[in-house]
Amino acid sequence: DKDCHDDGYPHRFFTDFLERILYYVRLRKHGGSILVVPDYLTHLDSRLTDRVALKYPCKYDYAWKSLIESLSRQRRYYDLYFPLSDGTLELTQARFREFHSLSYDEDEVDSSITDIAQTIASLTSVDGAVVMTDRFRVIGFGGEVIATSTSLHSVTLADDRPNTIPIESFGTRNRSAFRFCSSFEESVAFVVSQDGGAKAVKRVGAEVLLWPDINTGVLGL
């Protein structure tokens with residue numbers, strides 16, 4: 001708003017959508033992993049093909065446009081709602097129709113966003129990783145991580161008391177995420193286990209950091 005009370009909302013909207021995806025992965029009870037890379041990459045970029053073999057390359061790119069459209073409609077809705085509610089604007093028939101239309105359209109966009117999140121989550125049911133950009137464009141799925149890292153022997157827990165854990169202590173899905181992130185610092189990985197546990201992985205400097213439990217958000221993540 002004009003007083004900048006909630007300038008962080010677009011960022012929360014972004015992270016909430018990511019939470020939706022991981023939430024729907026959990027609901028499927030199959031487990032899965034999502035590798036997030038910069039949006040400048042394509043499925044033919046050697047920086048990607050040298051690290052992961054995609055069984056099903058694709059271009060599923062509906063989320064970002066829908067998220068921006070939703071934010072835009074919300075802004076227009078509240079720009080009308082608050083002046084009407086405090087009496088600054090008179091409630092005319094035309095303004096009522098506009099207000100009702102904006103409310104309806106926002107419900108439609110939110111339904112579409114939910115469908116998109118569920119579709120992305122469903123791709124994790126195929127064996128292998130989903131590769132998605134930081135603008136939620138799916139590059140492919142059924143990915144096999146082929147990156148190697150001879151120096152990667154352990155990961156560091158990202159908490160108040162850092163502790164290293166040998167990668168042999170983890171399953172195949174987690175080790176693949178570790179190798180990928182170790183080889184490509186601009187990436188981040190999310191791994192959801194069959195029992196619903198969710199982890200995040202990110203390389204920072206020479207260390208591969210592991211957030212072993214990110215089930216703390218609005219949707220239980």
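Predicted model: local features only at pLDDT ≥ 70, side-chain atom pairs only at ≥ 80, totals over all residues.

Student: Why is Tyr78 called partly exposed?

Tutor: Tyr78 has a relative accessible area of 39%. Buried means under 20% and exposed means over 50%, with partly exposed in between. The value of 39% falls between these limits, so Tyr78 is partly exposed. Tyr78 is part of helix H3, residues 63-85.

Student: What makes Lys29 exposed?

Tutor: Its relative accessible area is 65%. Exposed requires over 50%, so Lys29 qualifies. Lys29 sits in the loop between helix H1 (9-28) and strand S1 (32-37). Lys29 also has a positive phi, about 55°, although it is not a glycine.

Student: How do you know that Phe136 is buried?

Tutor: Phe136 has 2% relative accessibility. Phe136 is in the loop between strand S3 (129-133) and S4, and has a positive phi of about 65° without being a glycine.

Student: Which element gives the largest share of the lining of the second largest pocket?

Tutor: H5 does, with four residues. Strand S4 (138-145) and helix H5 (172-183) each supply at least two lining residues. The pocket holds about 170 Å³ of space.

Student: What makes Glu144 in that lining a charged residue?

Tutor: Asp, Glu, Lys and Arg count as charged, so Glu144 does. The lining divides into two nonpolar, five polar and three charged residues.

Technical notes: Residues numbered from 1 in each chain as written. Heavy atoms only, no water. Buried < 20%, exposed > 50% of the residue type's maximum accessible area, 1.4 Å probe, protein only. 1 Å grid on protein atoms, 1.4 Å probe; cavity = no way out; pocket = protein on both sides within 12 Å on 5 of 7 lines; lining within 4 Å. Points joined across faces, edges and corners; volume = space filled by probe spheres on them.
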